[in-house]
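Hi everyone, thanks for making time.

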Amino acid sequence: MTRTTPPTEPLAMPPKKDPRRKTQEALVPPPGRSRAALAMSASAARSVLTLQTCRDCGRVQYPARDACASCLSVDLAWMPVSSGGELIAETTVRTSTEPYFRERTPWRVGTVSLDAGPTVLAYLHGEVGDAPAAVQVFPYLDRSGNAVLMALPVEGSPAMNEDRQLRELTADPKYRRVLVTDGRNPVGRAVAQALSDAGASIVFVGIAEAWKGFAERDELLAIPKVEIMDLDVTDTTSVEALAGEIGGKTDILINTADHVRAGGVMSRTGVTIARDELDINVLGLMRLAQAFGPTMAFRGADQDNSATAFVNILSCYALSNWPAYGGHSISQAAALSAVQCLRAELRPGGIRVISLFTGPVEEPWYQTLPPPKVAPAAIADALVKALRQGTEDVAVGDIAKDVLARFAENPKVLERELGQ
């Protein structure tokens, strides 16, 4: 008899934690992967399903190998494939020698025959019925940063994102407590609004010297669930004081602080502006990571209200310098390097480090630039989508998507084009 799967139960607001209860240890799945398999993780970081395709015989294969299983050619390329498939067998893991899975059983897994050809192993969403069943397979990053596949129903319920196994692979903000580091800029305010709409339980918004009063105060306080906090990312004491107050209950940290001015290296007089850019864009990020990172990593498995993501909004010109805003590009390149280091340091705690790359934003410091520019609301929407999908790298807007694509194709050509 085919089992009828009920719709996913909507997630309930997690109760306040009993201070007498031990925080669950932040374990991660086994991290080991071959170099070939890591290419799949790189695609999963962008939420793209790719599999190895032989350029000689055309075979699509899984799992990843160093040579084609059909013709032994080593000319293999990772190519996007269709997500459609059919579940042909399943089982439920109820015990495991691996500590991470032992604490999360029962855990459904199954064998799926993809429309693209290969048969793959995948986690199964709770709404996927008994085999045979039509499914869609999507790549996700697990808590160790490696690619896994999950089979979702072709048509799901409104609450399907709250499935227990799927939520473990994402950073959905629903019922989580979020810190937005700078509410003075338009992006920070748009992000606060989007997180409130997405169901965050509290949205802490940082404002430097908030006690003085500021023009954006009424706009922020009109957003449900927003709490304004005093935070200056250039002041170590300010960052550490806020971490002492809310660090133990910050589940998602979104760094929206940015200092951007026009000009490159020779076109500026002195290094004062560059110093401010580095202090906010790079050292500010490091202060936040040092103050909030250790506690977030410790709380990476704290059940439904676990710490889950550290998000940075970066310029796409972190990849290749844009001389018109060359000084800002320099600080963004340094920030990107810091993010990559932070990603490795937070991975053992199961914390996802997400980078949103944007082109010029629709805000005062890009006022003289012609369109296209990215609206703050578009950045906020992309951020919430990235959290819900567990994506690691996101390009927002046409310019950012173009720059990332051209950088992947030929970084030197991109450098020359931007320098013209």
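Let me start with a cut-off: an angle under 35 degrees between two axes counts as roughly parallel. Keep that in mind, and also that what you see is a predicted model.

Now to our helix pair. Helix α6, residues 236-246, packs with α7 at an angle of about 30°. Given that cut-off, α6 and α7 are therefore roughly parallel to each other. Their axes are 9 Å apart, and the crossing is right-handed. Which residues of α6 and α7 make the contact? On the α6 side you'll find Thr236, Val239, Glu240, Leu242, Ala243 and Ile246. From α7 come Arg287, Leu288, Ala291 and Phe292.

Hold on to Phe292 for a moment, please. Phe292 is listed with Leu195, Phe310 and Leu356 as the residues with the most contacts inside the largest nonpolar core, which has 82 residues. Which helix gives the most to this core? That would be α7, residues 272-298, with 9 residues. Apart from this core lies another one, of 21 residues, among them Leu87, Val112, Val128 and Val137.

Let's zoom in on leucine 356. Setting aside its neighbours within four places in sequence, leucine 356 is in contact with Val311, Asn312, Ile313 and Leu314, with Ile379, Ala382, Leu383 and Ala386, and with Val394 and Val396.

Helix α10, residues 398-409, and helix α11, residues 411-418, pack at about 130°, with axes 6 Å apart. That angle makes α10 oblique to α11. The contact involves Val403, Arg406, Phe407 and Glu409 of α10, together with Pro411, Leu414 and Glu417 of α11.

Finally, the strands. There is an open sheet of 3 strands in the order β2-β1-β3, paired antiparallel. Why is one side of β2 and of β3 left without a neighbour in the sheet? Because β2 (60-61) and β3 (76-80) stand at the edges, each with a single partner strand. Strand β1, residues 50-54, is joined to β2 by 2 bridges, and glutamine 52 stands opposite glutamine 61 in β2. Helix α1, residues 35-44, packs on the sheet and touches β1 and β3. The direction of α1 makes about 135° with that of β1.

That's the tour, and I'm happy to go back to any part of it.

Definitions and conventions:
Residues numbered from 1 in each chain as written. Predicted model: local features only at pLDDT ≥ 70, side-chain atom pairs only at ≥ 80, totals over all residues. Heavy atoms only, no water. Core = buried A, V, L, I, M, F, W, Y, C linked by side-chain atoms within 4.5 Å. Buried < 20%, exposed > 50% of the residue type's maximum accessible area, 1.4 Å probe, protein only. Helix = DSSP H or I, 4+ residues; strand = E, 2+ residues; numbered from the N terminus. Contact = heavy atoms within 4.5 Å. Pairing = 2+ DSSP bridges. Axes fitted to C-alpha atoms, helices over the stretch in contact; angles between N-to-C directions. Parallel < 35°, antiparallel > 145°, perpendicular 65-115°, else oblique. Left-handed = near helix turned anticlockwise from the far one by under 90°.
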